[in-house]
Amino acid sequence: MIKKVYIKTFGCQMNEYDSQRILSIFEESGYDRTDDPEEADFAVINTCSVREKPKEKVKSEIGRLKRFKNSNPYFKIAIAGCVAQEDGEAILKENKSVDLVIGTDGIPKLYEAIFRVEKGERLAITEFYHDDFTVPIFNRNSSVSAFVTIMKGCDNFCSYCIVPYVRGREKSRHYKEILDEVKFLVDNGVREVTFLGQNVNSYGKTLDEKINFTQFLYMATQIVGLNRIRFVTSHPKDFNKDLVDLVASESKICEYLHLPLQAGSNDILKKMNRGYTFEEYEEKISYAKEKIKGLALSSDFIVGFPGETDEDFEQTLKAVNEIEYETIFAFKYSPRPGTKASSMPDNISDVEKANRLKKLLDAQQIITDKLLKRQIGEIQEILVEGKSKKDTNVYSGRNRKNRIVNFTSEKSLQNGEIVKVKITQAKKNSLFGNLEVS
């Protein structure tokens, strides 16, 4: 009988990439994937601990899976990712239903771990390994777009962030290995890749070869059959003009930039240990807007950081209104154990944090609506990703600004095609248009 594995992923795109790696190892170990945990023999929860809420979801998920184990004693549960790295063996002690805890550095050890758990062991693998960061090419069910992790870990130690503690110190993959993975993906139908790292701008610093992110990115543009390149996340302190100039000159690199500001107040940025002022950030954004035609910007923000005054928050609002991001990702501050900010007096009530978050998101929605409406009448390049199940003449894809575009086409299209679409309507978070027939 074929064994089945169920995987649920919380958190960032890097976790999604890691889940694909985990799935490939299970497949090589004789498992098929299922989307129904009740059918599974092994369930894997790939976790995130960057914020408090995803961590609470993990506890809930363990409770939900526990009932399957009660009816099937051979059912196995694994906790992977950042919560696994942070809590380690404590998860096994507190949750008798969990069989395996595997941290962010432990995926290469998963082959052996699966075998041992199947034999009845319960184990935690949470060591950080100090050898080079390598990822062998692995099979995955990729569509036309794929994530590719180029580095892991972080050396910045922002005062609120747990990433350096659960992902470890910064390590870059060898550029040849990454390029081989991209070529493999392109040979299997992928037309767009997004390069991932906690701080892609510092790529290459841990390698013996002298190479930086801009140089690597240029190499990637030379891959035949690869149509689009994106990257996240850039750190403002390391973001430079050379990278902007490359994006402006290379047609394969999309005009989309995610550059997290986090706060508009210099006092708060200093407490966050971000390593730049708002004025320095704004200067880099201005240069990018000047050089990259049609640039779409996105950013991250934290509201209610310890010590954030009404004036500090108003500076964040002012920054959002001045810069005009197309998208932001904003969250209420929640202390993460072990970070420097967790020892700062958290003197802002949850009600006030919620009010500030709503105010910020409301302000951003007005900007998003305005920027999307400006695109009505434009003819945009869309990478086809699928078609509607309800209407076979409606297709979906993303424009170069990473915005979803739904459009009508009487002509049959294949996933992976790049087509021209005239935008006719702007909805809340997407665009609608019609195929331009040449």
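Which residues in helix 8 meet which residues in helix 9? In this predicted model, Phe213, Thr214, Leu217 and Tyr218 of helix 8 are in contact with Asp242, Leu243 and Leu246 of helix 9. By residue class, the contact of helix 8 with helix 9 comprises five nonpolar residues, one polar and one charged.

The crossing of helix 12 with helix 13 is right-handed. On the side of helix 12, the contact involves Asp310, Phe313, Glu314, Thr316, Leu317, Val320 and Asn321; on the side of helix 13, it involves Glu352, Arg356, Lys359, Leu360, Ala363, Gln364 and Ile367. These residues divide into six nonpolar, three polar and five charged.

When neighbours within four places in sequence are left aside, Leu317 touches Lys359, Leu360 and Ala363. Lys205, by comparison, is 112 residues away from Leu317 in sequence, with a C-alpha to C-alpha separation of 35 Å.

Attention now turns to the aromatic residues. A pair of aromatic rings is described by the distance of the centres and the angle of the planes. The model contains 15 aromatic pairs, counting rings whose centres lie within 6.5 Å. In the pair of Phe26 and Phe42, the ring centres are 5.0 Å apart and the planes stand at 70°, so the arrangement is edge-to-face. This pair links distant parts of the chain, since Phe26 lies in helix 1 (residues 13–28) and Phe42 in strand 3 (residues 42–47), 16 residues apart. Phe26 is buried, with a relative accessible area of 1%, and Phe42 counts as buried at 0% relative accessibility.

Phe305 and Tyr333 form another edge-to-face pair, with 5.3 Å from centre to centre and 70° between the planes. Phe305 is located in the loop between strand 13 (296–303) and helix 12 (310–323), and Tyr333 in the loop between strand 14 (327–332) and helix 13 (350–374); the pair therefore ties together parts that are 28 residues apart in sequence. Phe305 and Tyr333 are both buried. Elsewhere, ring pairs join Phe195, Tyr203, Phe213, Phe216 and Phe231 into a cluster. One of its members, Phe213, also takes part in the contact of helix 8 with helix 9.

The backbone geometry also deserves attention. Most residues other than glycine have a negative phi, and most peptide bonds are trans. Against this background, the peptide bond from Val232 to Thr233 is cis, with omega near 0°. Thr233 is situated in the loop between strand 11 (228–232) and helix 9. Phe157, although not a glycine, has a positive phi of about 50°. Its place is in the loop between strand 8 (151–152) and helix 6 (163–166), and Phe157 is partly exposed, with a relative accessible area of 30%. Glu324 likewise has a positive phi, near 60°. Glu324 is found in the loop between helix 12 and strand 14, where it counts as partly exposed at 23% relative accessibility.

Thr277 lies in the loop between helix 10 (266–272) and helix 11 (278–291). With a relative accessibility of 28%, Thr277 counts as partly exposed. Apart from residues up to four places away in sequence, Thr277 touches Asn266 and Leu269. Arg122 stands 155 residues from Thr277 along the chain, and the C-alpha atoms of the two residues are separated by 48 Å.

Conventions:
Residues are numbered from 1 along each chain as its sequence is written. This is a predicted model: local features need pLDDT of at least 70, side-chain atom pairs count only at pLDDT 80 or more; totals for chains, interfaces and linings use all residues. Side-chain values use heavy atoms; hydrogens and water are left out. Contact means heavy atoms within 4.5 Å. Helices (H or I, at least four residues) and strands (E, at least two) are DSSP runs, numbered from the N terminus. Ala, Val, Leu, Ile, Met, Phe, Trp, Tyr, Cys and Pro count as nonpolar, Asp, Glu, Lys and Arg as charged, and the others, Gly among them, as polar. Rings of Phe, Tyr and Trp (its six-membered ring) pair if their centres lie within 6.5 Å; planes under 30 degrees apart count as stacked, over 60 as edge-to-face and the rest as tilted. Buried means under 20% relative accessible area, exposed over 50%, partly exposed in between (1.4 Å probe, protein chains only). A crossing is left-handed if the near helix is turned anticlockwise from the far one by less than a right angle, and right-handed if clockwise.
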